[in-house]
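Hi everyone, thanks for having me. Please take a look at the sequence and the structure on the screen, and then we'll walk through them together.

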Amino acid sequence: MASAAVTAAVSLPSSKSPSISPASLDRISFHKPCLYSRSNATAKARRLVAVRAQVTTEAPAKPAKKISKKNDEGVVTNKYKPKEPYVGTCLLNTKITADDAPGETWHMVFSTEGEIPYREGQSIGVIPDGIDKNGKPHKLRLYSIASSALGDLGDSKTVSLCVKRLVYTNDQGEIVKGVCSNFLCDLKPGADVKMTGPVGKEMLMPKDPNATIIMLATGTGIAPFRSFLWKMFFEKHDDYKFNGLSWLFLGVPTTSSLLYKDVSL
């Protein structure tokens, strides 16, 4: 709701002045003034009062407009969908946590033959094999891409993921295994993988080579930031050289859970 501010200018001539000259009125008001005459029974004098009122309205301040990356040029999204996924091949699948770590995390590389053109900061969907308890195909799960746009092999024909195997005990004492995470962590090189996407435009790596980039993650949340770091420090590009500042804060429960200690991964 707009707020209104009212300002008033009042001129009261002295009792010795029986009237106000037109010149005085022009100084008081931009428009024809309203003149009121009233008598004072005691002094039997007349005063003329000129009142000018100005009303201004102020609209509430608008919040700063969010700059969206949804219209970034050259960013491909949803090229492959659940009904027609891309079928790639598992090239590598290796555990990157120590044997005594509380849980397993795996790094895996899939072939795309350049058919899934993604950018650093995007995600892909994976449709695990098999059917659910209702006899229907499993639904896709989204995973942040852990490789740069060039891929771990540097030929723009692969995509990598960082996945933690989900295993827990429910209230009934039964061991429950996550459908897609266990499917991925159990993959052998040569196995087929159904993929969708790529998706996402809100977490793309900044284009400015002089940017200050602060990254915070726990566990497999490092995946998109690995893609950033790989491009910034391990690749050479004709049109990009990172000259800014980069900070990564990574939280893990134990030292044995620290991911990507081997920089070759």
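Before we go on, a word on what we are looking at. This is a predicted model in which local features need pLDDT of at least 70 and side-chain atom pairs count only at pLDDT 80 or more, while totals for chains, interfaces and linings use all residues. Residues are numbered from 1 along each chain as its sequence is written, and side-chain values use heavy atoms, with hydrogens and water left out.

That score, pLDDT, is the predictor's confidence in each residue, from 0 to 100. The protein chain has a mean pLDDT of 82, and 71% of its residues reach 70 or more. Do be careful with residues 1-39, where pLDDT stays under 50. In the model that stretch has 55 contacts beyond four places in sequence, a contact meaning heavy atoms within 4.5 Å. Residues 41-45 are also below 50, and they have 3 contacts beyond near neighbours in sequence.

Now the overall picture. The protein chain has 3 helices and 13 strands. Of its 265 residues, 34% count as buried. Buried means under 20% relative accessible area, exposed means over 50%, and partly exposed is in between, using a 1.4 Å probe and protein chains only. Among contacts with a separation of 6 or more, 68% are between residues 24 or more positions apart.

Let's go inside. In soluble globular proteins, nonpolar side chains tend to be buried together. A nonpolar core here is a set of buried Ala, Val, Leu, Ile, Met, Phe, Trp, Tyr and Cys residues joined through side-chain atoms within 4.5 Å. The largest one has 22 residues, and F110, V126, L161, L184 and M195 touch the most other members. Two or more residues come from each of β4 (86-95), β5 (105-111), β6 (123-127), β8 (158-164), α2 (179-185) and β11 (192-199). Helix α2 gives the largest share, 4 residues. Apart from this core lies another, of 11 residues, including I213, F228, M232 and Y240.

Let's zoom in on two residues. Leaving out residues up to four places away in sequence, L184 touches N93, M108, F110, V126, Y143, L161 and V163. S181 is found in helix α2, and S181 is buried at 7% relative accessibility.

Next, the rings. Rings of Phe, Tyr and Trp (its six-membered ring) pair if their centres lie within 6.5 Å; planes under 30 degrees apart count as stacked, over 60 as edge-to-face and the rest as tilted. The whole structure has 5 aromatic pairs. F233 and F242 have ring centres 5.7 Å apart and planes at 85 degrees, so they are edge-to-face. F242 is buried, at 10% relative accessibility. For W247 and F249, the centres are 6.3 Å apart and the planes are at 5 degrees, so this pair is stacked. W247 is partly exposed at 48%, and F249 is partly exposed at 45%.

What about cysteines? A disulfide is a covalent bond between the sulfur atoms of two cysteines. The search, which needs a pair of cysteine sulfur atoms within 2.5 Å, finds 0 disulfides in the whole structure. The sulfur of C185 is 9.3 Å from the closest cysteine sulfur, in C162, which is too far for a bond. C162 is buried at 5%, and C185 is buried at 3%.

I'll finish with some backbone details. Most residues other than glycine have a negative phi, and most peptide bonds are trans. Where is the cis peptide bond? It joins G197 and P198, with omega about 0 degrees, and P198 sits in strand β11. N78 has a positive phi, near 55 degrees, and is found in the loop between β3 (46-58) and β4. Finally, back to Y260: its phi is near 60 degrees, also a positive value, and Y260 is buried at 13%.
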